[in-house]
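Hi,

Here is the structure I promised to hand over.

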Amino acid sequence: MWFVKKNKMIGCGAIGPYYGKEDESSLFTVFVLPEYQGKGIGRKIIEALEQDDYFLRAERIEIPASVTATPFYIKMGYNYKNGICEPDEEGLLRLEKFKNNH
């Protein structure tokens, strides 16, 4: 999914299967140019991705998040995977959202 303004790509995001699983998916490459952050574009991208078939079929969705993006994802209903709130060896935080009974 791309978000374009005046022929300039200012945000993007993608969703796909989590390691080929049918009941888990991952959000990838959610990004908004810094000068457009805080204007609701990231929220629109997440909302659109959460209407995708990969989201709808999944019971759990994971996001590999940067430290700076984590507060945004938490506002969008994602939480630290396994309660781990420190970056992993890749420098990413793993966040997740369960859709049913969690």
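This is a predicted model: local features need pLDDT of at least 70, side-chain atom pairs count only at pLDDT 80 or more; totals for chains, interfaces and linings use all residues.

What volume does the second largest pocket have? About 160 Å³. Residues are numbered from 1 along each chain as its sequence is written, and side-chain values use heavy atoms, with hydrogens and water left out.

**Pockets**

A pocket here is an open set of points on a 1 Å grid over the protein atoms alone, where a 1.4 Å probe fits, with protein on both sides within 12 Å along at least five of seven lines; lining residues have an atom within 4 Å of a point. Grid points are joined across faces, edges and corners, and the volume is the space filled by probe spheres set on the points.

The second largest pocket is lined by Pro-17, Tyr-18, Tyr-19, Ser-26, Phe-28, Glu-62, Pro-64, Lys-81, Glu-90 and Arg-94. (Helices are DSSP runs of H or I with at least four residues, strands are runs of E with at least two, and both are numbered from the N terminus.) By class, the lining of the second largest pocket has 5 nonpolar, 1 polar and 4 charged residues. For the classes, Ala, Val, Leu, Ile, Met, Phe, Trp, Tyr, Cys and Pro count as nonpolar, Asp, Glu, Lys and Arg as charged, and the others, Gly among them, as polar.

The largest pocket comes to about 540 Å³. It is lined by 24 residues, and those closest to its centre are Val-32, Gln-37, Gly-42, Ala-69 and Phe-72. At least two lining residues come from each of β3 (24-32), α1 (41-49), β4 (60-65) and α3 (70-75), with β3 giving the most, 6 residues. The lining of the largest pocket divides into 14 nonpolar, 7 polar and 3 charged residues.

**Helix α1**

Which residues of α1 are buried? They are Ile-41, Gly-42, Ile-45, Ile-46 and Leu-49, where buried means under 20% relative accessible area, exposed over 50% and partly exposed in between (1.4 Å probe, protein chains only). Looking down the axis of α1, these buried residues fall within an arc of 135 degrees, so they line one face of the helix; the arc is that of the directions from the helix axis to the C-beta atoms. Their cover includes β1 (2-5), β2 (8-17), β3, α2 (53-57) and α3, with contact meaning heavy atoms within 4.5 Å.

Ala-48 is also in α1, but is partly exposed at a relative accessible area of 34%. Its C-alpha atom is 9.8 Å from that of Ala-14, which is 34 residues away along the chain.

**The tyrosines and Thr-29**

The whole structure has 2 aromatic pairs. Why does the pair Tyr-18 and Tyr-19 count as edge-to-face? Their ring centres are 4.8 Å apart and their planes stand at 85 degrees, so the pair is edge-to-face. (Rings of Phe, Tyr and Trp, the last by its six-membered ring, pair if their centres lie within 6.5 Å; planes under 30 degrees apart count as stacked, over 60 as edge-to-face and the rest as tilted.)

Tyr-18 is buried at 13% relative accessible area, whereas Tyr-19 is exposed at 73%. Tyr-19 sits in the loop between β2 and β3 and has a positive phi, near 50 degrees, though not a glycine. Thr-29, in strand β3, is another non-glycine with a positive phi, about 45 degrees, and is exposed at 56%.

**Two more residues**

Glu-24, in strand β3, is buried at 12%. Leaving out residues up to four places away in sequence, Glu-24 touches Pro-17, Tyr-18, Arg-57, Ala-58 and Arg-60.

Pro-87 lies in the loop between β5 (79-80) and β6 (93-98) and is partly exposed at 38%. The C-alpha atoms of Pro-87 and Asp-23, 64 residues apart along the chain, are separated by 25 Å.

Cheers
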